[in-house]
Amino acid sequence: MSPVRRRVGHTRSVNGDKRLAALAAAVMLEDGMRVGLGTGSTVRELLPAIAERGLSLRCVATSLRTEEEARRLGLQIESFESLDRLDIAIDGADQIAPDGWLVKGGGGAHTREKIVAAAAERFVVIAAADKLVDRLAPPVPLELLRFGAAATLRSLGEARLRDVPPSPDGNLIVDYLGPVDDPAGLAALLDAKPGVVGHGLFPPQLVSEILVGRDGKVERLALR
Ligand code: 5RP
């Protein structure tokens with residue numbers, strides 16, 4: 001088989017596995033739930049699966065992309081200023097380590113995604129198996145306040161401004177390129193840094209369940 005055909009076949013199976021994980025998450029929803037919707041291509045598979053269930057849900061979206069698509073499918077999206085808790089949040093991930101640490105923010109939505117995940121009773125991660133890694137690796141996405149951005153960037157050392165529009169909250173999206181060998185230590189360092197509004201390291205304590213699509217099946221990794 002030619003390398004191009006092999007790549008197309010691989011992409012097709014990864015997309016199928018994303019869809020399977022998304023379908024497995026959609027059936028967890030019940031009428032009346034308050035639901036946080038993540039961002040990305042796996043969540044794009046989730047939205048029609050939720051809409052098809054025809055449940056009465058109150059949803060919040062972690063990005064404008066998700067909000068627009070969800071509304072187009074008839075889902076009720078609310079502002080996340082008035083809802084003070086969610087029953088469940090469902091989102092993708094860029095890297096999933098064996099101990100449950102995640103890297104998120106490939107789509108630059110990690111700050112809102114973490115707020116939504118933290119507000120939810122259950123945070124469910126959906127992904128194809130290509131997101132499973134032996135150990136986390138850079139880049140770790142960051143969101144930086146514009147005020148003092150050059151100084152914050154300098155203090156981070158190995159970091160690069162991402163060439164994307166600002167976050168919906170007007171902040172800069174940056175990729176941290178230093179080592180990620182100690183995710184808890186790095187998360188604490190980033191949390192303590194003035195000017196860093198958010199980072200894409202999500203601790204296992206935040207995660208309830210990980211649904212992984214692999215070779216046409218869904219594996220459930222229960223974490224708490
Ligand atoms: C966006 C995210 C996404 O959840 C992450 O990038 C995974 O995306 P995809 O489902 O497209 O692989 O964190 O900020």
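Domain bounds here come from an automatic or database domain assignment. The model is predicted.

Q: What makes domain 1 and domain 2 separate units here, and which residues does each hold?
A: The domain assignment draws the bounds. Domain 1 takes 3-133 + 202-215, and domain 2 takes 140-201. Their C-alpha centres lie 23 Å apart.

Q: How do you know that domain 1 is in contact with domain 2?
A: Contact requires C-beta atoms within 7 Å. By that rule, 13 residues of domain 1 are in contact with 16 residues of domain 2. On the domain 1 side, α4 gives the largest share, three residues. That side divides into five nonpolar, six polar and two charged residues.

Q: Why is strand β6 called largely enclosed?
A: A buried residue has 20 or more other C-beta atoms within 10 Å of its own. Seven of the nine residues in β6 (120-128) are buried, so the rest of the structure largely encloses this strand.

Q: What makes β3 and β12 pairing partners of β6?
A: Pairing needs at least two bridges. β3 (86-91) and β6 have five, in the parallel sense. β6 and β12 (209-214) also have five, again parallel. V124 of β6 stands opposite I90. In β12, the bridge partner of V124 is E209.

Q: What surrounds the ligand, and how do the residues divide by class?
A: The shell holds 17 residues, and the closest are G40, T42, G92, G106 and G107. Helices α2 (41-53) and α4 (110-119) each supply at least two shell residues. By class, the shell has two nonpolar, 11 polar and four charged residues. Gly counts as polar here.

Technical notes:
Residues are numbered from 1 along each chain as its sequence is written. This is a predicted model: local features need pLDDT of at least 70, side-chain atom pairs count only at pLDDT 80 or more; totals for chains, interfaces and linings use all residues. A residue is near a molecule or strand if its C-beta atom, placed from the backbone, lies within 6 Å of it. Helices (H or I, at least four residues) and strands (E, at least two) are DSSP runs, numbered from the N terminus. Two residues are in contact if their C-beta atoms, placed from the backbone, lie within 7 Å. A residue is buried if 20 or more other C-beta atoms lie within 10 Å of its own, exposed if 12 or fewer, and partly exposed in between; C-beta atoms are placed from the backbone.
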